[in-house]
Amino acid sequence: MMRTRPLKVALLGCGVVGSEVARIMTTHAADLAARIGAPVELAGVAVRRPGKVRAGIAPELVTTDATALVKRGDIDVVVEVIGGVEPARTLITTAFEHGASVVSANKALLAEDGAALHAVAERHGQDLYYEAAVAGAIPLVRPLRESLAGDKVNRVLGIVNGTTNFILDKMDTSGAGYSEALDEATALGYAEADPTADVEGFDAAAKAAILAGIAFHTRVRLDDVYREGMTEVTSADFASAKRMGCTIKLLAICERAADGGSVTARVHPAMIPLSHPLASVRGAYNAVFVEAEAAGQLMFYGPGAGGSPTASAVLGDLVAVCRNRVEGSTGPGESAYTQLPVSPMGDVVTRYHISLDVADKPGVLAQVATVFAEHGVSIDTVRQQSRQDGGGEASLVVVTHRAPDAALSGTVEALRKLDTVRGVASIMRVEGE
Ligand SMILES: NC(=O)c1ccc[n+]([C@@H]2O[C@H](COP(=O)([O-])OP(=O)(O)OC[C@H]3O[C@@H](n4cnc5c(N)ncnc54)[C@H](O)[C@@H]3O)[C@@H](O)[C@H]2O)c1
Ligand SMILES: N[C@@H](CCO)C(=O)O
Ligand code: NA
């Protein structure tokens with residue numbers, strides 16, 4: 001039976017995502033009410049620029065005082081889509097203290113302070129849902145928190161940032177420049193307010209922290225995630241990748257150690273074979289593989305950024321939280337009972353693709369091979385090509401077998417010191433084989 005008192009929703013932020021949340025709440029009001037068992041009403045919208053005309057939002061709902069809105073006491077659910085750590089953290093905490101549940105899309109905040117926010121939510125008997133924070137529209141947080149709660153997840157690997165995938169895809173397929181592709185991603189509403197978060201890998205690292213925490217039932221913070229962005233990926237790297245039958249993607253990889261005693265989480269560009277499903281993830285799409293003991297390998301794929309796709313995930317959470325409210329219950333809280341340590345990047349076992357400019361003379365190959373051997377790194381393939389410019393240099397491309405990342409980076413440092421190595425043209429990890 002339909003409850004007549006409407007559930008009241010406060011929307012914090014009315015930008016790319018917030019405006020779409022408001023639009024869908026209005027246009028789908030009847031369906032949402034039927035699914036929840038109670039009408040849902042937009043009771044207030046906190047913005048920074050009150051003078052701006054916002055289609056479909058009654059001007060009397062708009063306020064610049066987000067704090068007063070979350071303190072009102074009659075609000076059932078606060079939807080936080082302003083982004084950033086503060087004032088979002090204080091507003092969410094205040095919402096819990098004043099009897100509201102929260103739906104957020106804010107990965108930066110959840111990766112920094114998710115544990116504390118979950119604790120406040122639990123203390124006040126409220127829900128904290130954040131499907132939109134990871135991989136946009138793709139259902140991933142809920143499947144990990146709920147559908148896979150009975151399995152043991154060992155690995156989560158994928159593309160979790162739409163902006164950088166859009167840029168890398170453009171660089172690879174159309175030869176577009178980095179800045180031009182970034183401007184386009186920003187105009188399409190994919191990039192963060194400060195796109196440094198995207199291109200330097202902070203956004204993907206925040207998502208990796210959230211995913212690792214949920215997947216392995218432990219606490220992983222942003223600082224625990226090894227991070228390299230994609231700003232140094234060049235067209236020469238793409239040319240090298242092409243010669244190997246690969247492309248380059250910014251990957252987030254979270255793994256449980258083989259002995260189960262620790263976990264790792266990392267974000268960095270990597271070469272992947274063109275035959276791997278991640279190689280065909282185009283534009284702002286995301287794709288994530290989850291490997292679980294009983295389920296085997298699962299792939300989640302879909303739009304990872306943009307106002308409307310992200311609003312879909314926010315609305316899904318809103319319906320879930322409202323249903324809980326109608327039933328007088330709450331959903332699952334944080335499940336970080338294992339407290340596994342996060343190992344450093346040096347312990348992660350990876351493969352490197354290394355492209356060197358070397359002197360084209362006898363003994364150089366042997367000298368380079370010796371450095372690999374001294375660091376305990378086994379070589380998979382070597383390709384040498386003399387340069388035609390008469391400068392007495394050759395290009396040497398080495399692909400290694402798997403080895404601890406510390407041994408691989410130590411090898412590169414030692415190679416740089418050889419007189420016969422004139423330069424390191426490209427170093428890239430190789431994944432997906
Ligand atoms: N855009 C996407 O594709 C996407 C996808 C997933 C998650 N997210 C997340 O959703 C959140 C919002 O992203 P967005 O793309 O809509 O950003 P946006 O910059 O378009 O919108 C944020 C809005 O919040 C407003 N705002 C900032 N501080 C405020 C305050 N104190 N009070 C009231 N309003 C305030 C800003 O004026 C802006 O209009 C971020 O956490 C982001 O990481 C975005
Ligand atoms: N800026 C983010 C938004 C989605 O979280 C991205 O490009 O993936
Ligand atoms: Na999602």
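**Note on the two ligand sites**

1. A backbone N or O atom of Gly189 lies 3.0 Å from a nitrogen atom of ligand 1. Taken alone, ligand 1 exposes 820 Å², and the protein buries 85% of that. Please keep in mind that this is a predicted model.

2. Two further polar contacts involve oxygen atoms of ligand 1. One oxygen atom is 2.9 Å from a polar backbone atom of Val16.

3. The shell of ligand 1 holds 21 residues; Val16, Val17, Lys107, Glu192 and Gly306 come nearest. By type, this shell has 11 nonpolar, 7 polar and 3 charged residues.

4. Helices α7 (162-173) and α10 (202-216) are the elements that give two or more residues to the shell around ligand 2. Residues around ligand 2 include Asn161, Thr163, Tyr190, Asp198, Asp203 and Ala305. The shell of ligand 2 divides into 3 nonpolar, 4 polar and 5 charged residues.

5. Side chains make polar contacts with ligand 2. An N or O atom in the Lys107 side chain is 2.4 Å from an oxygen atom of ligand 2. For Lys207, the distance from a side-chain N or O atom to a ligand 2 oxygen is 2.7 Å. Glu192 places a polar side-chain atom 2.7 Å from a nitrogen atom of ligand 2. Alone, ligand 2 exposes 250 Å², of which the protein buries 94%.

Note on methods
Residues are numbered from 1 along each chain as its sequence is written. Chains are lettered from A and ligands numbered from 1 in the order in which they are written. This is a predicted model: local features need pLDDT of at least 70, side-chain atom pairs count only at pLDDT 80 or more; totals for chains, interfaces and linings use all residues. Side-chain values use heavy atoms; hydrogens and water are left out. A residue is near a molecule or strand if one of its heavy atoms lies within 4 Å of it. A polar contact is a pair of N or O atoms within 3.5 Å; within protein, one must be able to donate a hydrogen and the other to accept it, and residues adjacent in sequence count only if both atoms are side-chain atoms. Accessible areas come from the Shrake-Rupley method with a 1.4 Å probe; for residues, only the protein chains shown count as cover. Helices (H or I, at least four residues) and strands (E, at least two) are DSSP runs, numbered from the N terminus. Ala, Val, Leu, Ile, Met, Phe, Trp, Tyr, Cys and Pro count as nonpolar, Asp, Glu, Lys and Arg as charged, and the others, Gly among them, as polar.
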